[in-house]
Amino acid sequence: MKNSKKEILHSDACRLIGEAALSFAMQGIETDKKSIANFFEKELSEYLGIDSYRKELVIYTIGLLQEPDEIS
C-alpha cells in the first residue's frame, strides 16, 4: 500500500520529535513541546543549506508541536 506524501511527512515528523525527546532525555534535560519546537526553529535559522524536504519536514514538525493539546 502506498502512503500519501502527508502521511509520510507526518510519520517522519513523529520520528523527529521522538528522536529529539530521546536525545534530550539521554542528556538529562527535561523538555516539553515548546523546547523541542525551539530546537527545530533553531535548526531552520542556522542551517541555510537545508534540503527542501528537510525544511518542509521541520516546518511541519514545528506546526505539530505548536498545536494545542487535546483535552480528554
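Q: Is Phe-24 buried or exposed, and what is its relative accessibility?
A: Phe-24 counts as buried, because its relative accessibility is 15% and the cut-off for buried is under 20%. This is a predicted model, and the value for Phe-24 is computed from it.

Q: How many helices and strands does the protein chain have?
A: To read the overall fold, start with the list of secondary structure elements. The protein chain has three helices and zero strands. Its pattern along the sequence is α-α-α. Helix H1 covers residues 5-26, helix H2 covers 33-46, and helix H3 covers residues 52-66.

Q: What box do the C-alpha atoms fill, and what percentage of the residues count as buried?
A: The box is taken along the principal axes, and here it is roughly 40 × 40 × 20 Å. Of the 72 residues in the protein chain, 26% count as buried. The accessible surface comes to about 5600 Å², with 56% of it belonging to carbon and sulfur atoms.

Q: What share of the contacts join residues at least 24 apart in sequence?
A: Begin with the contacts between residues at least 6 apart in sequence; 60% of them join residues at least 24 apart.

Q: How many aromatic pairs does a search of the whole structure find?
A: A pair of aromatic rings is described by two quantities, the distance of the centres and the angle of the planes. The search of the whole structure finds two aromatic pairs. In one of them, Phe-24 and Phe-39 are edge-to-face, with 5.6 Å from centre to centre and 80° between the planes. This pair links distant parts of the chain, since Phe-24 belongs to helix H1 and Phe-39 to helix H2, 15 residues apart.

Q: Why is the pair of Phe-39 and Phe-40 edge-to-face?
A: The planes of these two rings stand at 70° and their centres are 5.2 Å apart, so the pair is edge-to-face; the cut-off for that label is over 60 degrees. Phe-24, Phe-39 and Phe-40 form one aromatic cluster.

Q: Which residues touch the most other members of the largest nonpolar core?
A: A core is read by its members and by the elements they come from. The largest nonpolar core has 16 residues, and Ile-36, Phe-40, Val-58 and Leu-65 touch the most other members. Helices H1, H2 and H3 each supply at least two residues of this core.

Q: What is Val-58 in contact with, leaving aside its neighbours within four places in sequence?
A: Val-58 is in contact with Leu-16, Phe-40, Glu-43, Leu-44 and Ile-50.

Q: Where does Leu-44 lie, and what is it in contact with?
A: Leu-44 lies in helix H2. It counts as partly exposed, because its relative accessibility is 23%. Beyond its neighbours within four places in sequence, Leu-44 is in contact with Ile-50, Lys-55, Val-58, Ile-59 and Ile-62. Leu-44 and Lys-55 are eleven residues apart along the chain, and their C-alpha atoms are separated by 7.0 Å.

Q: Why does Thr-61 count as buried, and which residues is it in contact with?
A: Thr-61 lies in helix H3. It counts as buried because its relative accessibility is 0%. Leaving aside its neighbours within four places in sequence, Thr-61 is in contact with Ala-13, Leu-16, Ile-17 and Phe-40.

Q: Where are Gly-18 and Gly-63 placed?
A: Gly-18 is in helix H1, and Gly-63 is in helix H3. Gly-18 is partly exposed, because its relative accessible area is 37%. Gly-63 is partly exposed as well, with a relative accessible area of 32%.

Technical notes
Residues numbered from 1 in each chain as written. Predicted model: local features only at pLDDT ≥ 70, side-chain atom pairs only at ≥ 80, totals over all residues. Heavy atoms only, no water. Helix = DSSP H or I, 4+ residues; strand = E, 2+ residues; numbered from the N terminus. Buried < 20%, exposed > 50% of the residue type's maximum accessible area, 1.4 Å probe, protein only. Contact = heavy atoms within 4.5 Å. Core = buried A, V, L, I, M, F, W, Y, C linked by side-chain atoms within 4.5 Å. Phe/Tyr/Trp six-rings, centres within 6.5 Å; stacked < 30°, edge-to-face > 60°. Areas by Shrake-Rupley, 256 points an atom, 1.4 Å probe, with all protein chains shown as cover.
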